[in-house]
Amino acid sequence: MRGRSARMSLLASIVALTLSGAAPAADYRQRPPEDEIIYFVLPDRFENGDPKNDKGGLKGDRLQTGYDPTAKGFFHGGDLAGLTRRLDYIQGMGTTAIWFAPIFKNKPVQGPKGDESAGYHGYWVTDFTQVDPHFGTNAEFKAFVDAAHKRGMKVYMDIIANHTADVITYKEDAAGGFRYRSLADFPYSRRGGIRGASINPGFSGDHVADPENWKKLTDPAFAYTPVVPKGEERVKVPAWLNDPIYYHNRGNSDWVGESALYGDFSGLDDLATENPRVVQGFIDIYGRWIDEFGIDGFRIDTAKHVNPEFWQAFVPAMLARAKARGIPNFHIFGEVYVDAVDPGALAWYTHAAGLPAVLDFGFARAAIDAVSGTKGTGEFARLFDGDALYKGGAGAAQELPTFLGNHDMGRFAMFVKAANPAASEAELLQRVMLGHAMLLTLRGVPTIYYGDEQGFVSDDKDQLARETMFASKVAAYNDNDLIGSAATTATANFDPAHPLYRHIATLSEIRRKTPALIRGATKVRAFAEKPGLLAVSRFDPDTGREVLLAFNTSAAPLSANIAIDMKSAGFTALHGDCPASPAAPGSLLLSLPAFGTIICQAS
Ligand SMILES: [Ca+2]
Ligand SMILES: [Ca+2]
Ligand SMILES: [Ca+2]
């Protein structure tokens, strides 16, 4: 935005306001991360803006091109041109930032014979400098970023430093798969185990980050013997990534302890992220995307499978790079998959790894359990108590992206439906609306999973939770009964009149206009050990004015006296049926319908 005349900026602001009713476009660089509402999308599954790139410029059948719109594990044709074309739709529900699954060039197809699938999800990178041709070009990426910025929307890239695509294999016999080979049984100092030949003399271990130390690690065959298949010797970009010395080469992770850091994630080549060459390599790679495109943040994939020292170096380097590019509010949030309300396990990464934020898996668990009725609402109290554990305390917890479901675990509606198999569609809709009301009013940065606003219900997790918004040819998607809609995924679903889309738009607007909901401190007022009441006060960061949130997770109406601030003498309803005044100073009598939400602002 620098270099523009004030008049141009003003004009741009007016245009953006008129178009969207959102904050002026010129201000987007000034917004702190907690002001955003994020929309998370898989580009392959969103909109096909250019059928010419569907096969990624490759020839042959789906095992060559990766393209098969009838198979859930292959490319379906969505791209950056489609995402750009649908920005009106995305912004129309009040979302202000887009996080999209990785768009870097992938290995098109991988997997054992007969069980292949494609890199449509973007997590199998070979070239970190280029947009995957299935999604478009670097120029189209620039057009997308610029178009989002013009509307005052931010762009968050999904990045990976833990692994590349699966290119490296091992010379040893693979019967039963490449089982993990530990540091103790296969030290760096011997070839193929403690009885093997002496190798890598003088190497003092991977905890010594000194480049001189790492020069002494020259033989990568301490555990398995890495082999790069013929024809793939130069497939990775930048070129240093093709050298097996920069990988762990210890076989597959079994997800616990040491192997969670050093093991290959289902065969994906696990980088030696302790090596200073690898650290600098990724600072250079991702710094370029900041410099060239002026993006606004990173979501870090598989953050917990990388040693914390890597992030301790990477994060400040990226924040400095962004600041130099005129991006003072660059957001970085890591994926630390913890399927429990366990704030300590997440908060550890803000201390030990120096991650500014992590995806709030605890929030997702609490919301799924409460809204599906498998538990009461007490988990939210434990969740918010845990905010003190994050580096920076409860203030830092405001920057955690919160969510209800995702592309890995499955959709929120699926969890709700699974716990309530006999529920009517109307009840499922009410419950899914309740979950979104919690998401959009409680602390954290609300993150909507694409398709949830059209009532998508995944059959299961992973591939089955990645339906297309444009007309799908996947039978396992098209037989789903969408919530709040008579449509199926066999036709395009970009309906701004869908009740969930409208519900999200309504609550987004309330949030944007109510600083207490964006940045206000949280005080839990009431919770229940069975389905029922959750009441939470949030306070305007400047005036201290109270906003009371109340949710009913049960199928019956309820009434209760809720403790409030003694100073809150009158209320206006921001949503739902709010009494105009307290029953007595310090107590508000609330009546909530089944699955209802009330938002009361003290006047
Ligand atoms: Ca396409
Ligand atoms: Ca591999
Ligand atoms: Ca790793």
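Two strands count as paired if DSSP finds at least two bridges between them. The model shown in these views is predicted.

**View 1. An open sheet of five strands.** The strand order is E15-E16-E17-E21-E19, and the pairing is antiparallel. Strands E15 (521-527) and E19 (571-575) stand at the edges. Each has a single partner strand, so one side of each lacks a neighbour in the sheet. From one strand to the next, the twist averages 25°.

**View 2. The pairing of E16 with E17.** Strand E16 covers residues 533-539, and strand E17 covers residues 546-552. Seven bridges join them in the antiparallel sense. Val536 stands opposite Leu549 in E17.

**View 3. Helices H12 and H15 on the sheet.** H12 (residues 378-385) packs on the sheet and touches E15 and E16. The direction of H12 makes about 155° with that of E15. H15 (residues 425-441) also packs on the sheet, touching E16, E17 and strand E21 (597-602). The direction of H15 makes about 160° with that of E17.

**View 4. The interface of domain 1 and domain 3.** Domain 1 comprises 38-113, 138-165 and 275-511, while domain 3 spans 519-602. Their centres, taken over C-alpha atoms, are separated by 30 Å. In contact are 22 residues of domain 1 and 26 residues of domain 3. About 1800 Å² is buried between the two domains, with 69% given by carbon and sulfur atoms. On the side of domain 1 that touches domain 3, the elements giving two or more residues are H12, H15 and helix H17 (499-513). H15 provides the largest share of that side, seven residues.

Technical notes
Residues numbered from 1 in each chain as written. Chains lettered and ligands numbered in written order. Predicted model: local features only at pLDDT ≥ 70, side-chain atom pairs only at ≥ 80, totals over all residues. Heavy atoms only, no water. Helix = DSSP H or I, 4+ residues; strand = E, 2+ residues; numbered from the N terminus. Axes fitted to C-alpha atoms, helices over the stretch in contact; angles between N-to-C directions. Contact = heavy atoms within 4.5 Å. Domains from an automatic or database assignment. Buried area = accessible area lost by both parts, 1.4 Å probe.
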